[in-house]
Amino acid sequence: MEETYLLNVEGVKKKILHGGRGELPKLQDGSKITFHFQTLKDDFERTVIDDSREAGIPMEIIVGKMFKLEIWETLLSSMRPGEVAEFWCDAIHTGMYALVSRGMRRIAEGRDPLEGQKHRCGMGNMFDYHSTGYDDLDELQRTPQPLIFIMELFRVEEPSAYKRDTWAMSKEEKLAAVPVLHSEGNRLVLRKEFGQAAAKYQEAVICLRNLQAKEKPWEDGWLKLESLVTPLVLNYCQCQLELGEYYEVLEHTTELLQKHNDNAKAYFKRAKAHAAVWNEREAREDFLRVAHLDPSMAAAVKKELKQLGERMRKKHVEDRKRYHGLFQPPRG
């Protein structure tokens, strides 16, 4: 089945190679489109530039999330699920393709797609674009030209029909996701599935940190979000204690205490991590600080200090046995 016609967009032609099924999907902000694509030059050889099948996984884009090649949303909106179509696009629509392709190739190679652009102003990033790192893409960047896209549409999912990645969520969606993730983490803890629980708490923290980045530190909005972050970090650290990831606990509790130096629970978890890795002095200091900050935890602190003392005495005895006679002169 081959039918060539013009879309209602200047500089675009479409040829249906294989018909789809059902009605045209209704795209809305947040819809996820899953498809395979092939990009070719409009030359005699129809030189292949990119092919998503070589990476082994389909391409996904989220509608309304400022994908750099806007024309793709237009092309895909004209397709039905299961359809395969070929689109010819004039150079007015393909000028950004080299940059988009560079990002996709770096992801496929396991590299950071934003490498070279981090912490730089827009003008600095523009100068960085003088070379993409790929000769064929540099040629496209120097000489914008028409391109051919062959696309196979698999599915279009509404925002509520799939689990959205944190980066794809709006502010309201992130705030709504946090208590759900917190609850799921708690449920997993009760089942002693600490690794999965930690992942839920971590995802919730990422949602809140993304929102915090848009607030001014220590002002009301930032502090409100921080009050939600703190218990999640503590829950995450408890999971890591259960999993034996003690240095992970030391890192996160120390970071938390740099901002909230009166948090007794953070000191308590850090003390347990110090004790687990034989940092006796640091563990005792943190346990004593817990008892000072929260007298209601004094009994728990007393128990932990007793256990710490017993463990350290046992360790000292074992060390003496292990090294006994090590530096003694040989007999005879």
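pLDDT is the predictor's confidence in each residue, on a scale from 0 to 100. The structure described here is a predicted model, and its protein chain averages a pLDDT of 85, with 85% of the residues scoring at least 70. Over residues 116-129, pLDDT stays under 50, and the model has 16 contacts beyond four places in sequence for this segment. Where pLDDT is low, the predicted coordinates should not be read in detail.

Strand 3 (residues 32-41) pairs with several other strands. Of its 10 residues, 9 are buried, so strand 3 is largely enclosed by the rest of the structure. Its pairing with strand 7 (residues 147-157) is antiparallel and comprises 10 bridges; within this pairing, Thr39 stands opposite Phe149. Strand 5 (residues 59-62) is joined to strand 3 by 4 bridges, again in the antiparallel sense, with Lys32 opposite Ile62. Strand 4 (residues 48-51) is likewise antiparallel to strand 3, over 3 bridges, and here Thr39 stands opposite Asp50. Strands 3 and 4 form a hairpin with 6 residues between the strands, in which Arg46 takes a positive phi near 50°.

The model contains 8 aromatic pairs. One of these is formed by Phe35 and Phe37, whose rings are tilted, with a centre-to-centre distance of 6.4 Å and an angle of 50° between the planes. Both residues of this pair, Phe35 and Phe37, are buried. Phe37 also forms a tilted pair with Trp72, at 4.9 Å centre to centre and 55° between the planes. This second pair links distant parts of the chain, as Phe37 belongs to strand 3 and Trp72 to helix 2 (residues 71-77), 35 residues apart. Phe37 counts as buried because its relative accessibility is 4%, under the 20% cut-off. Trp72, at 0% relative accessibility, therefore counts as buried as well. Phe35, Phe37 and Trp72 belong to one aromatic cluster together with Tyr97 and Phe149. Phe149 is also the residue of strand 7 that stands opposite Thr39.

Charged side chains are placed over aromatic rings at two further sites. Lys13 lies over the face of Trp88, 5.3 Å from the ring centre. Arg105 lies over the face of Tyr134, and its distance from the ring centre is 5.0 Å.

Apart from neighbours within four places in sequence, Asp286 is in contact with Tyr267, Arg270, Ala271 and His274.

Note on methods: Residues are numbered from 1 along each chain as its sequence is written. This is a predicted model: local features need pLDDT of at least 70, side-chain atom pairs count only at pLDDT 80 or more; totals for chains, interfaces and linings use all residues. Side-chain values use heavy atoms; hydrogens and water are left out. Contact means heavy atoms within 4.5 Å. Buried means under 20% relative accessible area, exposed over 50%, partly exposed in between (1.4 Å probe, protein chains only). Helices (H or I, at least four residues) and strands (E, at least two) are DSSP runs, numbered from the N terminus. Two strands pair if DSSP finds at least two bridges between them. Rings of Phe, Tyr and Trp (its six-membered ring) pair if their centres lie within 6.5 Å; planes under 30 degrees apart count as stacked, over 60 as edge-to-face and the rest as tilted. A charge sits over a ring if NZ of Lys or CZ of Arg is within 6 Å of the ring centre and within 35 degrees of the ring normal.
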